[in-house]
Amino acid sequence: MNEVNVIKRFILRALMAAYPTPLPGEALDAAVRTGVNPRPLMSDVELAKRDLEARGMIVGTRDPVDDSVSWALTPAGVIQAKPL
Amino acid sequence: MAKAKSSKLDPHAERLTEWFLAGKTLAEARELLRQAGCAVSLSRLSVWWESRQAARAEEALLRRITSGAEQVRTVERAFGENPAPELATIIKLHRVLAMQFATAGSSSPALLEVSERATRMALEFAKLEEKRAARELAEQKYRDLVAERKRAIEAELGKARTGGGITPETLERIERELKLL
């Protein structure tokens, strides 16, 4: 399993742990950096998030006031994350 | 966090974890395993333990995320739906703090205490807000009641005035008192 796939797997598990509460972007990034070994590059974390978003498994919502992003699982993401 | 492959050490996982947490060395654990009928090299045992520790750390992190998310939901429920903008800001701040604490990679009691304190403070604030809203509602009800009674008295006065059943002095006194309401 390559690094980005490991990160994607972890992101799904982390969002499932918080489900249905969305995770603030900074918290998700901190979780990935803590939970994935070896500690991944942020560029790989971003790539993993974009890929999961493009596949319709996670969704990022932007706060109109401070521009921060929170991430949550979509129904398809929940199905994917449950057996992990 | 790759999924751990099954190992012949897995059936002994509980005992091995207990031994290592009690401070046994790899060599001591290997000897105990050998006596239990499981021969394994030191390097294999070391790799297994490392992966086991990583899995345990990951499980602990995910549990903290679940716990942080539960705190966030508790606070959001306490503030109700469609909170005022300033309350929404507090909720959001609490969400960021609780989840940052949960994912910071530390399970230190001090950090967890700070996180729990932040949740308690947010909940206390929610209770105060609830009390304030209840008090404002009671005040509004009182004002409405007074206004209604004033309207009723004025209506009665109007009737008395047109019917001539009240002296001008009494009328003046009642009107003066009405102004005090």
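In the complex, 19 residues of chain B are in contact with 19 residues of chain A, two residues being counted as in contact if their C-beta atoms, placed from the backbone, lie within 7 Å. The elements of chain B that give two or more residues to the side touching chain A are H3 and H4, and H3(B) gives the most, with 9 residues. By residue class, this side of chain B divides into 12 nonpolar, 4 polar and 3 charged residues, where Ala, Val, Leu, Ile, Met, Phe, Trp, Tyr, Cys and Pro count as nonpolar, Asp, Glu, Lys and Arg as charged, and the others, Gly among them, as polar.

The model is predicted, and local features need pLDDT of at least 70 and side-chain atom pairs pLDDT 80 or more, whereas totals for chains, interfaces and linings use all residues. Residues are numbered from 1 along each chain as its sequence is written, while chains are lettered from A and ligands numbered from 1 in the order in which they are written.

Chain A contains 4 helices and 3 strands, which follow one another from the N terminus as α-β-α-α-β-β-α; helices (H or I, at least four residues) and strands (E, at least two) are DSSP runs, numbered from the N terminus. The 3 strands form an open antiparallel sheet in the order S1-S3-S2, with S1 (23–24) and S2 (58–62) of chain A as the edge strands, each pairing on one side only; two strands pair if DSSP finds at least two bridges between them. S2(A) and S3(A) are joined in the antiparallel sense over 5 bridges, and Ile58(A) has Leu73(A) in S3(A) as its bridge partner.

Of the 84 residues of chain A, 43% count as buried, a residue being buried if 20 or more other C-beta atoms, placed from the backbone, lie within 10 Å of its own. The largest nonpolar core has 38 residues, and those with the most contacts inside it are Ile11(A), Ala14(A), Leu15(A) and Ile65(B); such a core is a set of buried Ala, Val, Leu, Ile, Met, Phe, Trp, Tyr and Cys residues joined through C-beta atoms within 7 Å. Elements of both chains give two or more residues to this core, including H2 (25–35) and S3 (69–73) of chain A and H5 (109–163) of chain B, and the largest share, 9 residues, comes from H1(A). Leaving aside its neighbours within four places in sequence, Leu15(A) is in contact with Leu23(A), Ile58(A), Trp71(A), Ala72(A), Leu73(A), Gly77(A) and Ala81(A).

Notes: A residue is buried if 20 or more other C-beta atoms lie within 10 Å of its own, exposed if 12 or fewer, and partly exposed in between; C-beta atoms are placed from the backbone.
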